[in-house]
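Hi,

Here is the structure I promised to pass on to you. Have a look at it first, and then read on for what turned up.

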Amino acid sequence: MSSIMRQKDIRPAPARIEFKGMKFLITDRPSDLTIHSYILELKKHDVSTVVRVCEPSYKIDELKTQGIVVRDLAFEDGTFPPQNVVDEWYQENPEACVAVHCVAGLGRAPVLVALALIELGLKYEAAVELIRE
C-alpha cells in the first residue's frame, strides 16, 4: 500500500432550487463515462437546458439526442462572472428546469443560481441561504 493516500473526490448531490416558479438544478460536471447516469438525473428533474460554466470536458451528443440543450458560459473559477455571462445566463422560463454545473458544483454554478434568485427578488443573503439548504 502506498504511503501517500489519495483523498476521495467527494462532490455534493445535485441540488434542486425552486423559487417563484423557476427551477434550477446545481450539479457537478459529468464525464463521458457518467453521462448516461447524468442524463437520468436530468430527466428526473425535467431539465431541458444544461449550462456549463467550466471548460467543456465531455461530449454533448447524447444530451442533444435526449432533447437537452447545452449552453457554454464558462468563466474562470474563483472569479465573478463577466457581464456577458450574466446577460446570457438568466432567461426566465418557468416551464423548464435549468441545470447548471461547474467542475464540482460548489463555486461558479451556485453563483449563477444566486444571481437568478436575486433577479427574481430574493435578497442576496436569502439566496445564499436557500442554496446552502
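Taking contacts in the protein chain between residues at least 6 apart in sequence, 59% join residues at least 24 apart. Please keep in mind that this is a predicted model.

On confidence, the average pLDDT of the protein chain is 76, and 82% of the residues reach a score of at least 70. The part to treat with care is residues 1-8, where pLDDT stays under 50. For residues 1-8 the model also has zero contacts beyond four places in sequence.

As for the fold, the protein chain has five helices and five strands. Reading from the N terminus, the elements follow the order β-β-α-β-α-β-α-β-α-α, so you can trace them using DSSP runs numbered from that end.

Next, burial and surface. Of the 133 residues in the protein chain, 39% are buried. The accessible surface of the protein chain is about 8300 Å², and carbon and sulfur atoms account for 53% of that surface.

One residue I would like to point out to you is D46. Where does D46 lie? D46 sits in the loop between α1 (35-44) and β3 (47-52). The backbone there has a positive phi, near 55°, in a residue other than glycine. Is D46 buried or exposed? D46 counts as exposed because its relative accessibility is 61%, and the cut-off for exposed is over 50%.

Technical notes. Residues numbered from 1 in each chain as written. Predicted model: local features only at pLDDT ≥ 70, side-chain atom pairs only at ≥ 80, totals over all residues. Heavy atoms only, no water. pLDDT = per-residue confidence, 0-100. Contact = heavy atoms within 4.5 Å. Helix = DSSP H or I, 4+ residues; strand = E, 2+ residues; numbered from the N terminus. Buried < 20%, exposed > 50% of the residue type's maximum accessible area, 1.4 Å probe, protein only. Areas by Shrake-Rupley, 256 points an atom, 1.4 Å probe, with all protein chains shown as cover.
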